[in-house]
Amino acid sequence: MSKMAKLAAAAAIALGALGVLGEAQAQGAKPIVVGSTLALTGPLSATGLVHKLVGEIYVDDLNRRGGLLGRKVEWKLMDDQSKPDLARTLYEQLLTADKVDLLMGPYATGAILSAIGVAQRYNKLLISHTMGIPSLAKYDMHFPAWSLGPNPQATVPTTVFDAVAQAPKPPKTVAIVTSKFPSVHFLSLGAREVFKQKGLTEVLFLEWEFGNRDFGPIAARVKDAKPDMVWSGDIGLEGNMLLEAMKKIDYVPPLHVHTYPAPGPMAAAPETDKALSLTIFEEHAPFTANPVAAQFVKTFKERATAAGLPYTAVETQAAASFTAWRIFEASVVATKSLDDRKMADWLKTAQVPTIQGTLRFDRGNNFGDDLMRIKQVQNKAWVTVWPKQWAAPGATIKMP
Amino acid sequence: MKPRIAISILAVGAGLATVPWLGLPAFYESFLYLLCHWIVLAISWNILSGYTGYFSFGHGAFFGAGLYATAFLAGKQDWPFLATLPAAALAAALLGTALGAVVFRVASVRGELFALLTLAVTFVLATIILNTPIDGGPGVYLIGVQLPRLGPSANASIYLMGLAAAVAAVLLAYLIHAAKLGAGLFAIHDDEDVAEVMGVPTYRFKLWALALSCALAGIAGGIHAVFVSYVTVAETFSIAVPLGVVLMSILGGSRHWLGPAVGAIAVTGLQYFFTSGEAAVTGRALFGLVLVLAILFLPGGLLGLLERLRRKTPSPVAADAKPAVQPALAPSPAASGTPLLQVEGLFKSFIGVRALEDVTLEVRKGEILGLVGPNGSGKSTFINVVSGHYRADAGRIRFEGRDLAGADGHRFARAGIARTYQIPRPFAQMSVIENVALARMFGGVGCSRAEALAEAAEFVAFAGLGPHAQARPDALNLHQRKFLELARALAARPKLLMLDEVLSGLTPAEIDEAIAMIRRIRDRGTTIVFVEHIMRAVVALVDRVVVLNHGALIAEGSAAEVMREPAVRAAYLGTTHA
């Protein structure tokens, strides 16, 4: 290399370094803005408000700890009004008009898919809270915080089967009834296959449309079928309504599993006692042995009570939301960068410790392990009963 | 139609089409797309419900039919996206037309029944889609669908398609509004039975309105499928679509062709304005409050308010109208003795009551035939049947040799029969001149809307209503409303004019004025059937009289002759039993 060339190279390196320094100084002057939408109004708002509260708790804590890369974090949250088309437009606004630095995903499948489309067009990283159908999330920079695994339609029913096999009276027959709500329905169809393979006899299969309020006929059919176990693919209050209808005809199902019930109402009613469901986190050891989780549980209860939320315990939704922010923080800290591609590349090979366990993203569509557990209502509270290493101390599955 | 307006719509559309090349943040394309989407849907609803008054809660179904047509064909059958849009429009239009073809035949399915029926269709369609391979439950994912490259990005392409649909919808709304179709639809809205009798082919017009409305909703659905990219039954067939479009149309003004578009912009803009996460619930409450206030204080919508302000200024038509104008009437010859209308063996019954019983009579060209009888004798029923308002149970109605019995009401008007109503039934939401123009447009040989409006001024003036040409009928007194009935009937240039107690309720001076006017009408060559209780008017005007009693014809002849008939005297005065 000639002397001139060496000088030029040195000058270029110096200029580059100055540029980096200048950028770092500029970055230090302004906060990192994270943009996202949540369903704060509209039909999905009850859960949206949980995610909002968790985000606020996390960002407050993050800033108390000094923020990220020496900069404060500012969360620009918008209300998508439970409408996927509005979610799409708001993500466009966040990226192209507000020019936020990074994105955080919404929580419902429809809105997440809308946000994924936008993120994909602008090569942005998107971490979502509760993406229920992994096969639809094909974008390689989308990362789920809800550890469903890439094939929950197979793995989740298998976990359920393994759990009920530990019951005092393991089932030999099953009635599968399910809502046609997409993220529930595909899980129920998977359950049909899994239970068949495991040797359970299906004595009934019924579907209802999301929004159905009349569960009397379904309850009667289940009663007539005399199953050892009921798999109820329900969401929100559907499970409560089904059990209420069963109570009216003096029927108590032997074992009954509910996919995504509203946690508060499902724990509180007399007829829901011993109801089984899916979870990633509950407020007991060993989950709360993690000091971060314990502190989060405490703070969430305080803030949720102050905000007037009807259910103040941390469970799947709040835990998934907390996990999403944890993944976000981990990727920025590890890469020391706000570069979406770098963060995504790091996440693909990383193992991120979270309050629901260690997450990885190295399988189909960046879904890692299926960390779903089984919980049961016992004495009007949810306790994890399966697998054993995540069960509440002394808790085992009980018959109704 | 004013070409200036059509050109303006296209020019605005062309201007907005440049947005993707202006270097604005891409979110503007998404936001403008949402505006366009709701404009199309709101206009779609308004063409049916705002124009005709058939309130639809089924636009979720028509929108969903289009959306799922595209989702299924593009997402599952690999059709090119653009090819799915005509299919989306067609699927929705066929659904609507099939529904309308049945429902519009049933006179009782109007108002809330129609609304509930369309709502039921939404649930039925949702169930079908949910339980067939069209969806089956998990929703349809469309992220891999290739879009035509109309702009610099996929986002821009979707926006441009939405814009094209919105421009087409606004243009269509204007063209319909400005055409005879629009006038007919508004007449259906105000009084469907009267519209039919005045010559509006109500069944056909309603079907057209429904088909066009559904096709627009279908196209909006087809484009929206790729905008949201993941479609589910629950979100597609929610009540949000019909409620949203109703709100937009009413806020903007459902009587104005541009009203729904204005409402869509206002509602979507307000919704977007309140998307801050800081105070989302308060924002939504404020949004609701703004809408409630707007609807409470602007019953005609934003454009209705402008329209009202405009109406306060007297129009040139009203100012220039000359009462002495003699409009051209039907070219009928003077009394010739040739039969114009021949009624044979006419029967009409209503649940247990025989209103017409074997009535046979003829009306001769150029004459004034008095139709008299005590209350309940069947005079009004006779006019209702002979004008097509009611269908006869049996008998023949030959008009100029053509049998009209059993024909739809509008065919009577087209043949040259016009009538007035005993209790005036003007189209309440139309001005006086619009009421009269409508009769000219659809009655007799008919004419274009522009010609009708021009000629209507003459009939309005003839009836002495010139100063009230732009007023709504509810601003007129009874005398003026009766004369509006008359002007409307005359505007059709009928060969046969049937006047149903046109003098009742008028003062003696007004009666004299009316008699003079009827004479003038006859002198211009129009044949008249004159139903009246006021005998001095009957005696003064008629050439012949027929008398009905209990639905049967009991006497016929000159006024003096029939009054001497014992049966007539008995009918009016009763029989002595002493």
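1. Domain separation in chain A. The C-alpha centres of domain 2 of chain A and domain 3 of chain A lie 29 Å apart. Chain A is divided into domain 1 (1-29), domain 2 (31-147 + 291-369) and domain 3 (152-279 + 374-390), the bounds being those of an automatic or database domain assignment. The contact between domain 2 of chain A and domain 3 of chain A takes eight residues from each of the two, where two residues are in contact if their C-beta atoms, placed from the backbone, lie within 7 Å. On the side of domain 2 of chain A that touches domain 3 of chain A there are four nonpolar, three polar and one charged residues. In this classification Ala, Val, Leu, Ile, Met, Phe, Trp, Tyr, Cys and Pro count as nonpolar, Asp, Glu, Lys and Arg as charged, and the others, Gly among them, as polar.

2. Basis of the model. This is a predicted model, in which local features need pLDDT of at least 70 and side-chain atom pairs count only at pLDDT 80 or more, while totals for chains, interfaces and linings use all residues. Residues are numbered from 1 along each chain as its sequence is written, and chains are lettered from A and ligands numbered from 1 in the order in which they are written.

3. The seven-stranded sheet of chain A. An open sheet with mixed pairing has the strand order E7-E6-E8-E9-E10-E13-E14 in chain A. Helices (H or I, at least four residues) and strands (E, at least two) are DSSP runs, numbered from the N terminus, and two strands pair if DSSP finds at least two bridges between them. At the edges are strand E7 (201-208) and strand E14 (381-386) of chain A, each of which pairs on one side only. On average, neighbouring strands of this sheet are turned by 30 degrees against each other, direction ignored. Axes are lines fitted to C-alpha atoms, for helices over the stretch in contact, and angles run from 0 to 180 degrees between N-to-C directions.

4. Pairing and packing on that sheet. Strand E9 (residues 255-261) and strand E10 (residues 276-279) of chain A run parallel and are joined by two bridges. A:Val257 stands opposite A:Leu276 in E10(A). Helix H6 (residues 182-197) of chain A packs on the sheet, where it touches strand E6 (173-179), E7, strand E8 (229-236) and E9 of chain A. The direction of H6(A) makes about 165 degrees with that of E6(A).

5. A:Glu244. This residue is found in helix H8 (residues 238-248) of chain A. A:Glu244 is partly exposed because 16 other C-beta atoms lie within 10 Å; a residue is buried if 20 or more other C-beta atoms lie within 10 Å of its own, exposed if 12 or fewer, and partly exposed in between, with C-beta atoms placed from the backbone. A:Glu244 and A:Leu90 are 154 residues apart in sequence and 40 Å apart in space, C-alpha to C-alpha.

6. Chain B overall. Chain B contains 23 helices and 12 strands. Its C-alpha atoms fill a box of roughly 90 × 50 × 40 Å, taken along the principal axes. Of the 578 residues in chain B, 54% are buried. Among contacts in chain B with a separation of 6 or more, 74% are between residues 24 or more positions apart.

7. Domains of chain B. The assignment gives domain 1 (3-238) and domain 2 (342-378 + 389-573), and the C-alpha centres of these two domains of chain B lie 43 Å apart. In the contact, 18 residues of domain 1 of chain B meet 20 residues of domain 2 of chain B. Helix H7 (residues 180-197) of chain B gives the most to the domain 1 side, with 12 residues. That side divides into 10 nonpolar, three polar and five charged residues.

8. Helix H10 (residues 240-252) of chain B has 13 residues and reaches 18 Å from its first C-alpha to its last, close to the 18 Å expected at 1.5 Å a residue, the expected span being 1.5 Å times one less than the number of residues. H10(B) is mostly covered, with 10 of its 13 residues buried, including B:Val241 and B:Met248. B:Gly253, which follows H10(B), has a positive phi near 120 degrees. Strand E3 (residues 339-350) and strand E4 (residues 353-364) of chain B pair in the antiparallel sense over eight bridges, and B:Leu346 stands opposite B:Val359 in E4(B). E3(B) and E4(B) form a hairpin with two residues between them, and B:Gly352 in the turn has a positive phi of about 85 degrees.

9. The interface between the chains. The contact takes 29 residues from chain B and 32 residues from chain A. On the chain B side, H2(B) gives the most, with four residues. By class, the side of chain B that touches chain A has 15 nonpolar, 12 polar and two charged residues.
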